[in-house]
Amino acid sequence: MLCKENPFAMKPLSIGFTYDLKDDYLAAGYDPLTVAEFDSPVTIDAIDRELTALGHTVDRGGSFPNLVKRLAGGDRWDLVFNIAEGLHGPGREAQVPALLEAYGIPVTFGDSLCLAVCLHKGYTKHIVHGHGVRTAPFRVVESEDFDFDSLPLRYPLFAKPVAEGTGKGVLPTGKAADAEQLRRVCRDLLERFHQPVLVEEFLPGREFTVVIVGTGDAARVLGVMEVELLDTADPEVYSFENKDRYLERVRYHLATGPVAEAAAQASLTAYRVLGCRDAGRADIRLDHEGEPCFIEINPLAGLNPDHSDLPILCRLLAIGYDELIRTIVESAGKRVRHDWHSQHFHNNRPGGASSRRRRAGRRRRRPGRRRPDGSGGTGHSGTRWKDGAVPRQLEHMGIEALDRIGKARPRFQPG
């Protein structure tokens, strides 16, 4: 089992659900490669079904633009289950968590900092290397003017986009034997993906995916899965095409032994250092010495019940999809409970909001305070506010924003 039954089970939550539905973007004219990471109705329906079966109220919020409208309209939730990948910019995966953080709404999986850092493979490798996790030597190529002839790396090298997922831009042609070939590969990737290119020493050994659940010290490795490419697969790399046609190109099996244990430990260290939460997976490959090297981490791992790596590993471990979703929500739910407890403590401690309100009833109103009808009063500077005016210190927020904040419901009410 992923987690033991909790005798103090969390209460039912109102859960917002954010995602990018691939069909919507295809209908809007986006090409299939651009939206390759986005989710299908199968994934959305499966997650919704499991959350509902757990007793939670699910409200489908959809993509980032829809979430902006919902929040501006006053909708709130106890928790948001987020799998939205985002569409624009190197921080696209962080957009939904960042917006929810601004409104104080807990969200599943990584926070905005975690998702922004982990999408950039170069930043991620710098950080984990600094914490003792082995990774292939690398450089980030920003433009065609890069000095390929002086690159202090050992060929063959491998090049791929620095901030893509789902194997986008990972191709057999990304392997380069010399500077001229590398220059051509990088030029093509720069033109196709409009972002820097990660160049690293090619790792020739076995490849593993390590699945981790939990948060912080409670995070633990669920299992290690080896990715074995068949003769029908694109050679040497776990490419987009190999992932998409995995039934005929890839064999997955559980890995054990010293190498798998080393891969698990490296992945767990990276997961914790990078601030991943609830569930995620890391990719590991052996170098020419047979040592596990960190490739990348996915703190917003795919959850398609049929062909995403995380659910595939769970099936190998005889763990049901329902148990996986329950474990994710239980982990995130601890942050919801923490927020409830923190707010209760803040309001009831000496000097807290409730305490101040109780004392105010026993005190004579000081000159300058606003009267019960809302008129009068002074700002922090001592200047009297005109009725209906906004304090000078808050003008930068805009009267409409302040009005929405003041009138917002504490959470979404179904119906």
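Modeller: Helices (H or I, at least four residues) and strands (E, at least two) are DSSP runs, numbered from the N terminus. The model is predicted, with local features needing pLDDT of at least 70 and side-chain atom pairs counted only at pLDDT 80 or more, whereas totals for chains, interfaces and linings use all residues. Residues are numbered from 1 along each chain as its sequence is written, and side-chain values use heavy atoms, with hydrogens and water left out.

Biologist: In what order do the 5 strands of the open antiparallel sheet stand?

Modeller: Two strands count as paired if DSSP finds at least two bridges between them. The edge strands, each pairing on one side only, are β10 (250-254) and β12 (292-298). On average, neighbouring strands are turned by 25° against each other, direction ignored. The sheet reads β10-β9-β8-β11-β12.

Biologist: Which residue is the bridge partner of Val213 in β11?

Modeller: Strand β8 (residues 207-213) pairs with β11 (residues 279-286) in the antiparallel sense, over 7 bridges. Within β11, the partner of Val213 is Ala279.

Biologist: How far apart in sequence are the parts that Arg285 and Glu207 tie together?

Modeller: Arg285 and Glu207 form a salt bridge whose closest N and O atoms are 3.7 Å apart. Arg285 is in strand β11 and Glu207 in strand β8, so the pair links parts of the chain at a sequence separation of 78 residues. Both partners are buried, Arg285 at 12% relative accessibility and Glu207 at 9%. The separation in sequence is thus 78 residues.

Biologist: Which helix holds Asp309, the residue paired with Arg281 of strand β11?

Modeller: The side chains of Asp309 and Arg281 meet in a salt bridge of 3.9 Å, N to O. Asp309 and Arg281 are both buried. Arg281 lies in β11, so the pair ties together parts 28 residues apart in sequence, and Asp309 lies in helix α11.

Biologist: At what angle to β8 does helix α10 run?

Modeller: The axes are lines fitted to C-alpha atoms, for helices over the stretch in contact, and angles between N-to-C directions run from 0 to 180 degrees. Contact here means heavy atoms within 4.5 Å. Helix α10 (residues 258-273) lies across β8, β9 (220-229), β11 and β12, and its angle to β8 is about 50°.

Biologist: Which strands stand at the edges of the sheet, each with a single partner strand?

Modeller: The parallel sheet is open and holds 3 strands in the order β2-β1-β3. One side of each edge strand is left without a neighbour in the sheet, because each has a single partner: these strands are β2 (57-62) and β3 (79-82).

Biologist: Which residue of β3 is the bridge partner of Ile15?

Modeller: Strand β1 (residues 14-18) and β3 run parallel and are joined by 4 bridges. The partner of Ile15 is Leu79.

Biologist: Is Cys118 buried or exposed?

Modeller: The structure holds 0 disulfides (pairs of cysteine sulfur atoms within 2.5 Å). The cysteine sulfur nearest to that of Cys118 belongs to Cys114, 4.0 Å away. With a relative accessibility of 6%, Cys118 counts as buried.

Biologist: How far apart in space are Ser308 and Thr166, C-alpha to C-alpha?

Modeller: Ser308 is found in the loop between β12 and α11, and counts as buried at 11% relative accessibility. Leaving aside neighbours within four places in sequence, Ser308 is in contact with Gly302 and Leu303. Ser308 and Thr166 are 142 residues apart in sequence, and their C-alpha distance is 9.6 Å.

Technical notes: Salt bridge = Lys/Arg side-chain N within 4 Å of Asp/Glu carboxyl O. Buried < 20%, exposed > 50% of the residue type's maximum accessible area, 1.4 Å probe, protein only.
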